[in-house]
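Please walk through the charged side chains of this model.

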Amino acid sequence: MQLDRYDRRILELLQQDGRISNQELAERIGLSPSPCLRRVRALEEAGLIAGYRAQLDARKLGLSLLALIGISMDQHTPERFANFEKAVADIPEVLECLLITGQQADYQLKAAVRDMDAYQDLLLNRITRIAGVSGVHTSFVLRRVVERNALPLPETI
């Protein structure tokens, strides 16, 4: 799919504010509302816009500790990895799970918890009890230096 300047601008603005009205979006990109809405729908149907969601403030929810958790597995088999991925997907504190290379760990988790007690509970009562977990290394985030959800937009897709 080739993105023109209107499509790119629509995607940029929706990444900044998914609740922008079609009227305002159209005004900001220089189109009338009907063609703007058609473009948004086409971008949604093409799968470029995967959804819309609210971004919550973790601290205001009492989730003040962000942990980056490296997980090593005892066996590198599809069954072992599938079991781990299924189990970790059911843990609400885990915000992200990445299968990685180039490190001592096989997975990198990002988890948000209330405090160290909640982290200890997460680690000892849930993560280390998943079959195949052989090692855990955790780093705690002191401060977020850059935080963005907006993706850079390539010229072609």
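Asp-4, Asp-7 and Arg-39 are joined in a network of salt bridges. A salt bridge here is a side-chain nitrogen of Lys or Arg within 4 Å of a carboxyl oxygen of Asp or Glu. The model is predicted: local features need pLDDT of at least 70, side-chain atom pairs count only at pLDDT 80 or more, and totals for chains, interfaces and linings use all residues. Residues are numbered from 1 along each chain as its sequence is written, and side-chain values use heavy atoms, with hydrogens and water left out.

Asp-7 and Arg-39 meet through their side chains in a salt bridge, at 2.9 Å from N to O. The pair ties together distant parts of the chain: Asp-7 sits in helix H1 (residues 5-16) and Arg-39 in helix H3 (residues 33-45), 32 residues apart. Helices (H or I, at least four residues) and strands (E, at least two) are DSSP runs, numbered from the N terminus. Is Asp-7 buried or exposed? Asp-7 is buried, at 8% relative accessible area. Arg-39 is partly exposed, at 22%. The cut-offs are under 20% relative accessible area for buried, over 50% for exposed, and partly exposed in between (1.4 Å probe, protein chains only).

Now the strands. Glu-96 and Lys-110 form a salt bridge at 3.9 Å, N to O. Glu-96 lies in strand S2 (residues 94-99) and Lys-110 in strand S3 (residues 107-113), 14 residues apart. Glu-96 is partly exposed at 34% relative accessibility. Lys-110 is also partly exposed, at 27%.

Another pair is Asp-115 and Arg-114, whose side chains meet in a salt bridge at 3.6 Å, N to O. Asp-115 is partly exposed, with a relative accessible area of 28%. The count by this rule comes to 10 salt bridges.

Which residue is buried yet has no salt bridge? That residue is Asp-106. Asp-106 is placed in the loop between S2 and S3. The nearest side chain of opposite charge, Arg-80, is 9.6 Å away. For charge, Lys and Arg count as positive and Asp and Glu as negative; His and the chain ends are not counted.

Asp-106 does have a polar contact. Its side chain meets the side chain of His-76 at 2.9 Å. A polar contact is a pair of N or O atoms within 3.5 Å; within protein, one must be able to donate a hydrogen and the other to accept it, and residues adjacent in sequence count only if both atoms are side-chain atoms.
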